[in-house]
Protein chains: 2
Amino acid sequence: MKGKVQPKTLPGFMELLPNEQILFNKMKETIQKSYEKYGFLPLDTPIIEDANVLLAKAGGETEKQIYRFEKGENDLALRFDLTVPLAKYVTEYYDKLSFPFKRYQIGKVYRGEKPQRGRYREFYQCDVDIIGDGKLSIINDAEIPSIIYNTFKKLGFDEFTICINNRKILNGLFLSLKLENESAEILRIIDKIDKIGAEEVKNELLKNIEIEKVETIMRFIAIDGNNDNKIKSLEELNIDNEVFQEGLGELKQLIKFIKIFGVPENNFKIDLTIARGLDYYTGTVYETFLDKYRNLGSVCSGGRYDNLAEYYTDRKMPGVGISIGLSRLFFQLVDNKIISAEDQSISNVLIVSMTDNYDMCADIARKLRDNNLNVQINIEEQKLGKKFKYADNLNVKYVIIIGEDEIKNNVITLKNMFTGEQNTLTFEDAVKIIKETN
Amino acid sequence: MKGKVQPKTLPGFMELLPNEQILFNKMKETIQKSYEKYGFLPLDTPIIEDANVLLAKAGGETEKQIYRFEKGENDLALRFDLTVPLAKYVTEYYDKLSFPFKRYQIGKVYRGEKPQRGRYREFYQCDVDIIGDGKLSIINDAEIPSIIYNTFKKLGFDEFTICINNRKILNGLFLSLKLENESAEILRIIDKIDKIGAEEVKNELLKNIEIEKVETIMRFIAIDGNNDNKIKSLEELNIDNEVFQEGLGELKQLIKFIKIFGVPENNFKIDLTIARGLDYYTGTVYETFLDKYRNLGSVCSGGRYDNLAEYYTDRKMPGVGISIGLSRLFFQLVDNKIISAEDQSISNVLIVSMTDNYDMCADIARKLRDNNLNVQINIEEQKLGKKFKYADNLNVKYVIIIGEDEIKNNVITLKNMFTGEQNTLTFEDAVKIIKETN
């Protein structure tokens, strides 16, 4: 290819084949429709923002990953999540919004991470958030698992667990033990329990912490049983700390309302070890795991935050929300063969003409489309075998063949590409078959 | 706001209020579904590409408008249309695609133009293209107006005209007159005909061109009447040029098949004056005008090109396609009050609890959602009047009120917010009313 530019997509940027894209779009649409069922309003903020606005809150690792550049006199950046644009939005349009403001946004975000298998630099996030003006009832936190539950059910999953915790419980525990400054280190040690066992964790903790305190921590992390048992055990710890008791109270109310909102008992549980985003979340936190594929990590996470837009306004706006990282989830599901795009198609029918007379083809295409079917007319001059091959490649189930006989007798020949069955029928009978078995 | 960053969206970047976004998304989805009806496959290429790949073909004005920047060692650029990424895609994945390759893509593109009213730096394009491998039948060109027609019908328009021309006719005319080098200047003069009249155009042309040639040009631009008359007049010009005759032949075939594909006579016409993208298109060209709002300019344009990916490959891939600039179109339609987002809402029903008992609210919400309705539960502690105001602000048509009486008698109170009518009913009767009148 002399003098030609080599066409290539950048590493870390997902680009799908059409059949994969069909499946991806179906999942995206399922999530969107599910979010809308709960009355969330759509937003679509710009991908490019003023760098100073976007990075008002950022720092550290985030700032390094950001795509930031100048254009003319403008210092610009690509959004790295959908939460900062939401904070900007609710502050900028505060007077025109109604609170609680429920919004969903599904869009691409950008992080210049080191490209790895299944880690993308451009990826979709699918977020819902409920933002209060000044205050926001804890019952909102209980509706979130219902949204997660219904969304993953609609995506075709049955066996998944929404894990729930409240940051105040851990914070309160450490406060009561006067270990709040050591909390990160303690959590790091606790995190190893699956690998090294409870005894080793205890020994490590004892290196720097008094025995009584370590024993309280060990009693805390040993809490087990069903949700009611866990609540009871937390009460029995008798932690004399306001933050702890507040978190426990919220968790109790949350569990009660999650049941009322219809999430089955085996799809959610209290998990006192999850502690996402230490800095960001201030109350309820959620993580969601596919039971058979826990190794995939959380497929839907989020939580409650006290103050969404503090970098933009003095107005206090508490919120609660979740996010599905769709690009990564899609990659994982395909990679683990949990879903497959192999048989995906857009068209229900491919119409093939055996003559130069396209009148009947066009007429049938129009009528089928009026019947809410997706229909492609094969127009190219090709042999019939090549046309069938084309239908095959596109996974189209039905081919309609229009030749001289069909035109003369006002019938059509319908071939089921999956079974090979071929029949000559009236249009009405053909439509019935196509719609029935589609 | 001491120490706070002022949240602001960049000029030239569209950001809508929720009700506007609902309407925008409906239009986007209508276009998507319409494209899928014709069997176009979805694509979603990255917004960021390697600058050398993206700019292989670009130059001049485009290059100046591009968002181009470095990240690490990478020279990156944001896509400025969806055609170059398509050229990249079909070359990169050639072996995995089936031709003719029909794809749609709906996505944001970026051009750092001077921001003006209704001109955006980030805007949606909604494209369909049909790409052939080596060749592509002219009948594909005839299916395009059918796609335009059905898409704009579904968008709610009746009075619009798809204007059709063939670049070869103008090119051939100029070639036959040996004026091919003056073509741009001649077109510029012809373009003024609405303002200055035919006589003045003739006088201007006569300054540099012989009288016989000017008379041929004047006969050409005077061609009028219905499509068949225009074809006849073009034939009667007796232009002895291969390119002209080829274009005329294509146009004749095109008009015949457009009718067969079901576009009504008053929604399309030959317009010999349209000549979009002199460099890019090589045959058929399309522009679409809303009859009552011709001043908006073309709302859907496109054409046939001989060679999509010549900067990437020696393989010849002819194509034909169209694009709807949705962001600009949406702005124009709202700005001219042709559409209004005022009454748009996501939720069909808002459920309001008058007690602390949410069991029945949650139960009803679940059942309504199962009935394919979008339902929001109002959870905040507010007075009833404030809850009604909230429903009003969100344009929600129905409010369901659950108080002690409703729980006791297992009924619901349904208020139609548009009429003010309020009734206490069984759940089943309420669902019937909501679904009937929605």
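## Close-up views of a predicted two-chain model

**Figure 1. The end of helix α12 in chain B.** Just after α12(B), the backbone of B:Lys337 adopts a positive phi of about 55°. The structure shown here and in the following views is a predicted model. Within helix α12 (residues 326-335) of chain B, the buried residues are B:Leu326, B:Ser327, B:Leu329, B:Phe330 and B:Leu333. These residues lie on the same side of α12(B), because they cover an arc of only 165° around the axis. The packing partners of the buried residues of α12(B) are α1, β6 (122-131) and β11 (319-325) of chain B.

Figure 2. A:Lys178 is not a glycine, yet its phi is positive, at about 55°. In chain A, this residue occupies the loop between α6 (167-176) and α7 (183-190). A:Lys178 counts as exposed because it has 9 C-beta neighbours inside 10 Å, and the limit for an exposed residue is 12 or fewer. In chain B, B:Lys178 has a positive phi near 55°. B:Lys178 is placed in the loop between α6 (167-176) and α7 (183-190) of chain B. With 9 other C-beta atoms within 10 Å, B:Lys178 is exposed. As background, most residues other than glycine have a negative phi.

Figure 3. In chain A, the peptide bond that runs from A:Phe99 to A:Pro100 is cis, and its omega is near 0°. A:Pro100 belongs to the loop between α4 (83-92) and β5 (101-110) of chain A. In chain B, the bond from B:Phe99 to B:Pro100 is likewise cis, with omega near 0°. The loop that holds B:Pro100 lies between α4 (83-92) and β5 (101-110) of chain B. In general, most peptide bonds are trans.

**Figure 4. The nonpolar core around Ile351.** The largest nonpolar core contains 253 residues, of which A:Ile351, A:Ile400, B:Ile351 and B:Ile400 touch the most other members. When residues up to four places away in sequence are left out, B:Ile351 touches B:Cys361, B:Ile364, B:Ala365, B:Val375, B:Ile377, B:Asn378, B:Ile400 and B:Ile402. In soluble globular proteins, nonpolar side chains tend to be buried together.

**Figure 5. The contact between chains A and B.** Chain B contributes 77 residues to the contact, and chain A contributes 77 residues. On the side of chain B that touches chain A, helix α1 (residues 18-37) of chain B supplies the largest share, six residues. That side of chain B comprises 37 nonpolar, 17 polar and 23 charged residues.

Figure 6. Chain A has 16 helices and 16 strands. Its radius of gyration is 28 Å, well over the 22 Å that the globule rule gives for 438 residues, so chain A is more spread out than a compact globule. Taken along the principal axes, the C-alpha atoms of chain A fill a box of roughly 95 × 55 × 50 Å. Buried residues make up 45% of the 438 residues of chain A.

How values were computed. Residues numbered from 1 in each chain as written. Chains lettered and ligands numbered in written order. Predicted model: local features only at pLDDT ≥ 70, side-chain atom pairs only at ≥ 80, totals over all residues. Contact = placed C-beta atoms within 7 Å. Helix = DSSP H or I, 4+ residues; strand = E, 2+ residues; numbered from the N terminus. Nonpolar A, V, L, I, M, F, W, Y, C, P; charged D, E, K, R; others polar. Core = buried A, V, L, I, M, F, W, Y, C linked by C-beta atoms within 7 Å. Buried ≥ 20, exposed ≤ 12 C-beta atoms within 10 Å, placed from the backbone. Rg over C-alpha atoms; globule rule 2.2 N^0.38 Å. Arc of directions from axis to C-beta.
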